[in-house]
4 protein chains.
Amino acid sequence: MNEQQLSAEEIAEFLNEVFPGAMENFKIEEVVPMRARIRMPFSTRQLRPGGTISGPSLMALADTGLWVALLAMIGRVPLSVTSHLDIDFLRKPAPADVIAHTTLHKLGKRLAVGDVLMYSDGESMPCARASVTYAIPSSHKP
Amino acid sequence: MNEQQLSAEEIAEFLNEVFPGAMENFKIEEVVPMRARIRMPFSTRQLRPGGTISGPSLMALADTGLWVALLAMIGRVPLSVTSHLDIDFLRKPAPADVIAHTTLHKLGKRLAVGDVLMYSDGESMPCARASVTYAIPSSHKP
Amino acid sequence: MNEQQLSAEEIAEFLNEVFPGAMENFKIEEVVPMRARIRMPFSTRQLRPGGTISGPSLMALADTGLWVALLAMIGRVPLSVTSHLDIDFLRKPAPADVIAHTTLHKLGKRLAVGDVLMYSDGESMPCARASVTYAIPSSHKP
Amino acid sequence: MNEQQLSAEEIAEFLNEVFPGAMENFKIEEVVPMRARIRMPFSTRQLRPGGTISGPSLMALADTGLWVALLAMIGRVPLSVTSHLDIDFLRKPAPADVIAHTTLHKLGKRLAVGDVLMYSDGESMPCARASVTYAIPSSHKP
């Protein structure tokens, strides 16, 4: 089961097909088995007063970033849904791109769980960490 | 310290002042000491394919809803920031308004913590639950 | 499905049967559909230096307390396992009994999710809050 | 601030002094700046029916493991307390030692936050993941 099913390009194409707009704020940079790296380009639309990137933008990045790592492994299964997300905001993000490094720790028949570390571009310490659980539809045959 | 400082109207006014747009998707329905009720009117913009209200919309509702309960107690302090949020998505929300019931369980000098239960309008079981922690700036004098 | 299957006495009996010792630190005070109240009697064994009840004791109380509420609804199903637990420690607990008020927010075929508020006996504000997710074995017929 | 203050031996000595018994179930294997590796030797006392290591044992391992990484950085400060812990149980642990790899992602004046990955000895995928937040006493001078 731990064999990669889809490339970065195939995932982006699939997401745009089943969920138009899902990737408009994100760029898939790399996908390897159980891991993905996603970039959220800096945009003034995400800014809060004080120049901070908004919390909901980082939550969406974490959520989508781990979904990409999951789709890479399970293939064209559109119906996986987030069942749990928790996030710690660690530092005020810089007014810059944010890069999410996502790792799947479990890929079961019914649940997938992983971690996300998010870095302002060029920084060595993360601005946020998250973990996310997905419920995988039971019709999925791994 | 457990005396309410601001009414629903004062909070909405303050938020629009320091953070334009923060309340454009939300309506404060009731504020009492340590609790608030916030409505997110149904909007087709929040929809995912399949008619579901998006996860990030519910996360923003939880985050803002508890912030309203906090501001009611600490007054015009703009700089409180979310340090942790966790959310469980329990049921597919109906294509309807979502109502958040927020409760502060701790209001300390440095941290505030509370729970949020979110219901599709008219439903008796929540579509999501969340808990949120805020870091309160140390310049705040309670 | 939302009908109670077991009484407090039947749950205690069942737990002692399948999991000897599980309830030796806890007393089931009340069980109603989707809710339970559990008491952890004060014991010097749980103390940390400074007289605080240890974090792991409160985590075990949250975990077991919501399990009781779950068993009340699904009956003699021993194999449900905790898949996620998160806890906020809000105040130093008093050297006293701790009472957990547990509420199930979701009781699905595969997952159950609920909240726990824990109070030092006699206090009006909680010393800790938790939420817990259980994975229910698929052999279970609701 | 990111310089290590204490070695593994000094941390074990300090913990036994201020908190007798804290380390009786744990062995500090390695400490480097912002990271620590802790072993929980297998013990039949931690077993649940079915041979599983109990959830509270893993929670205590996560909590203590990250505390060790924190003490290495801040020195002999006994009063840091856990304010939040969340844990995902990913796989049934083997009847074997469990090794926790802990990483601090933030070491602020008031809060420290980190991740913990726990592995049954010899396994390549974790049996549990956790994140933990500590409140650092304000008397601490970093």
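**Close-up views of a predicted four-chain contact model**A search of the whole structure, which is a predicted model, finds 36 salt bridges over all chains, a salt bridge being a side-chain nitrogen of Lys or Arg within 4 Å of a carboxyl oxygen of Asp or Glu. Residues are numbered from 1 along each chain as its sequence is written, while chains are lettered from A and ligands numbered from 1 in the order in which they are written. In this predicted model local features need pLDDT of at least 70, side-chain atom pairs count only at pLDDT 80 or more, and totals for chains, interfaces and linings use all residues, with side-chain values resting on heavy atoms and leaving out hydrogens and water.

**View 1. The salt bridge of A:Arg129 and D:Asp115**. The closest N and O atoms of A:Arg129 and D:Asp115 are 2.8 Å apart. Because A:Arg129 belongs to strand E6 (residues 128-135) of chain A and D:Asp115 to strand E5 (residues 111-120) of chain D, the pair joins two chains; strands here are DSSP runs of E with at least two residues, and helices are runs of H or I with at least four, both numbered from the N terminus.

**View 2. The interface of chain D and chain A**. Chain D and chain A each bring 17 residues to the contact, where contact means heavy atoms within 4.5 Å. About 1300 Å² is buried between chain D and chain A, with carbon and sulfur atoms giving 56% of it; buried area is the accessible area (1.4 Å probe) that two parts lose on being put together, summed over both. Of the area that chain D buries against chain A, 38% is supplied by D:Leu90, D:His105 and D:Arg129, more than by any other three residues. Between these chains, D and A, the count is two salt bridges.

**View 3. The interface of chain B and chain C**. Here 17 residues of chain B touch 17 residues of chain C, and the area buried between chain B and chain C is about 1300 Å², to which carbon and sulfur atoms contribute 56%. B:Leu90, B:His105 and B:Arg129 together supply 38% of what chain B buries against chain C, more than any other three residues. Two salt bridges are found across the interface of chain B and chain C. The side chains of B:Asp115 and C:Arg129 meet in a salt bridge, with 2.8 Å from N to O.
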